[in-house]
Amino acid sequence: MIVQLLISSLVIGSIYALLALAMSITYKASEVPNFAQGEMAMVSTFITFVLLSTYNFPFYAAILGSIIFAFILGVLLEFVFLRRAKNPNPLSYIIITIGFQLMLYGLAAWKWGSEQQQINLPFSESKVIYQNDAFAVTELNLATIVIALIVLFIVYLLIQKTKLGLAMKACQQNVNAAKMNGISANFIMLVSFGISSVVGAIAGILIAPIITLDPSMMWDPLLKGFAAAVLGGMKSLWGVVLGGFLLGIIENFFGFYISIEFKSVVAFLIIVIVLYFRPSGIFDKHYVRKV
Amino acid sequence: MGYFEVQGLCKSFGGLKAVDNLTFSVEEKEIFAIIGPNGAGKSTLFNCINGLYKPERGSIKFRGKELIGMRSDQIANYGIARTFQNIELFSHMTTLDNIMLGRHKAMKSSVFSVMGLSFKKSKAAKEELVHRRKVEEIIDFLELESYRMQYVANLPYGKQKLVELGRALALEPDILLLDEPAAGLTQEEKDEMIFWIRDIRKLLGITVIFIEHNMQMVKKISDRILAINFGKKLTEGLPAEVLDHPEVIRAYLGEVVD
């Protein structure tokens, strides 16, 4: 049973990890938690659904289409809404993201209605890949974990190994100095929101077959992703990913052994405990600026 | 037309005129000092030159091109690098990465080019090699070899100033703006800084404009000096003239009471 629980923890944990990573990328770039992240992922997932079921796109073309859509949506949020704010501070940015979230939710509810849809991925929940007495792994389980790991690895390469990643880090650490070195901070911000939106969209597509598709599908996962990010330390990319998996494990084991009713609440209990003892997260290196 | 020209520049914060109708020009390969008491508007002037502040009036022309209205990163890419009075480094990066970031604009290949993992013969790999070499030259030049892989947050203050100078040099600028390069340095480090600023002009052919309170340093290395107070020009000219100018002495020491 423990192994089976661990598998389902890793499945949900990898989705939390992607959402936490998506939150962290924009948080690091702008110091703003993007509350529209979930709705952006939801709309991108609906795009996949429409491409698949209405236009009969092949699966990979539909995924590619919604990744491009997600990138544009992220760029749109930054370029059209956030950048226009006059004398912005984090609070006004947060309000803008909440506004964007409500807009997207309204649009999705109007366009697709609030009934639940079924998205058909080529990975089946009923097809068992490996089975023994103690546990079973379905195709969907394996695909979710593998795809999430691939996305995490690509983001890792992008941030750690490319010129773009170095410029992103530079802007996060000292935006004026970055500008003085010829880095366009506006461009970095734009790309950060684009990438973050794509990562979120992939999480949305992966979670859709588990929880079914409707406009409010991302509320719970996003809050969990946010909890995971806080748990790991919003600013540490490794931390938020580990936080995501850790939260998946804690939540599932708590749900099975202690109380299924309070399964969802445990995430917020963890936030409170972490914020009390380690305000910058368990995995974040806490820097103290020398004065 | 001059090489670098500031004309009628005004910048105010509320009622305070930080820079008030300032006009001066700098020749190519000159070492040009800007002096003035605290709050005279020297750093504000620098911030206007590299686009961090938007002046209300006036013009700043470099090689005939108007800089006002350009973004900071565009101005940097156009050939004006700077250091800050309170060091502005990427403190959670190594010395090498900090200086490498100065090469950002020069690295032409796509922003997605993968560093370190690219194929040996690929264009991106070759390009990276060229930039690494350039960065190593700067590290050699400033004698920072032993600090290459250290996080700059852990370096002594004097070395951090050099890393910042190195990062500015990595841009291969035509004009270098130094905001109080000697502040906070030991006497020995100050002497070294004088030596480096001279070399930057002599070996690299860079025009240096610097703000400094250390009058010995100003006297030793500058070709010409601009003295300002309350955002206005007091005088401009050769070091001996400016430093003995009664207005300058009064600005620094106050009125002589009989």
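**Exercise 1. Determine which residues lie nearest the centre of the second largest pocket, and characterise its lining.**

Solution. Step 1: of the 28 residues lining the second largest pocket, those nearest its centre are Val175(A), Lys179(A), Ala185(A), Asn186(A) and Met189(A). On a 1 Å grid over the protein atoms alone, a pocket is an open set of points with protein on both sides within 12 Å along at least five of seven lines, a cavity is a set where a 1.4 Å probe fits but cannot get out, and lining residues have an atom within 4 Å of a point.

The model is a predicted one, in which local features need pLDDT of at least 70 and side-chain atom pairs count only at pLDDT 80 or more, while totals for chains, interfaces and linings use all residues; side-chain values use heavy atoms, with hydrogens and water left out. Residues are numbered from 1 along each chain as its sequence is written, and chains are lettered from A and ligands numbered from 1 in the order in which they are written.

Step 1: two or more lining residues come from each of α1 (2-30), α3 (59-82), α4 (90-112), α6 (163-173), α7 (175-180) and α8 (185-211) of chain A, and from α2 (72-77) of chain B. Helices (H or I, at least four residues) and strands (E, at least two) are DSSP runs, numbered from the N terminus. The largest share, five residues, belongs to α8(A).

Step 2: the pocket holds about 800 Å³ of space, a volume being the space filled by probe spheres set on grid points joined across faces, edges and corners. Its lining comprises 14 nonpolar, six polar and eight charged residues. Here Ala, Val, Leu, Ile, Met, Phe, Trp, Tyr, Cys and Pro count as nonpolar, Asp, Glu, Lys and Arg as charged, and the others, Gly among them, as polar.

**Exercise 2. Locate the largest cavity relative to the domains of chain B.**

Solution. Step 1: five cavities of 30 Å³ or more are present, and the largest has a volume of about 60 Å³.

Step 1: its lining consists of Gly158(B), Lys159(B), Lys161(B), Leu162(B), Leu185(B), Glu189(B), Glu192(B), Met193(B) and Trp196(B). The elements contributing two or more of these residues are α5 (157-170) and α6 (187-204) of chain B. By class, four are nonpolar, one is polar and four are charged.

Step 2: the largest cavity lies between domain 1 (1-79 + 173-258) and domain 2 (90-171) of chain B, because both give residues to its lining. The domain bounds come from an automatic or database domain assignment.

**Exercise 3. Describe the surroundings of Lys11(B).**

Solution. Step 1: Lys11(B) is placed in strand β1 (residues 4-13) of chain B.

Step 1: at 11% relative accessibility, Lys11(B) counts as buried.

Step 2: beyond its neighbours within four places in sequence, Lys11(B) has contacts (heavy atoms within 4.5 Å) with residues including Leu16(B), Thr44(B), Cys48(B), Tyr53(B) and Glu56(B).

Methods. Buried means under 20% relative accessible area, exposed over 50%, partly exposed in between (1.4 Å probe, protein chains only).
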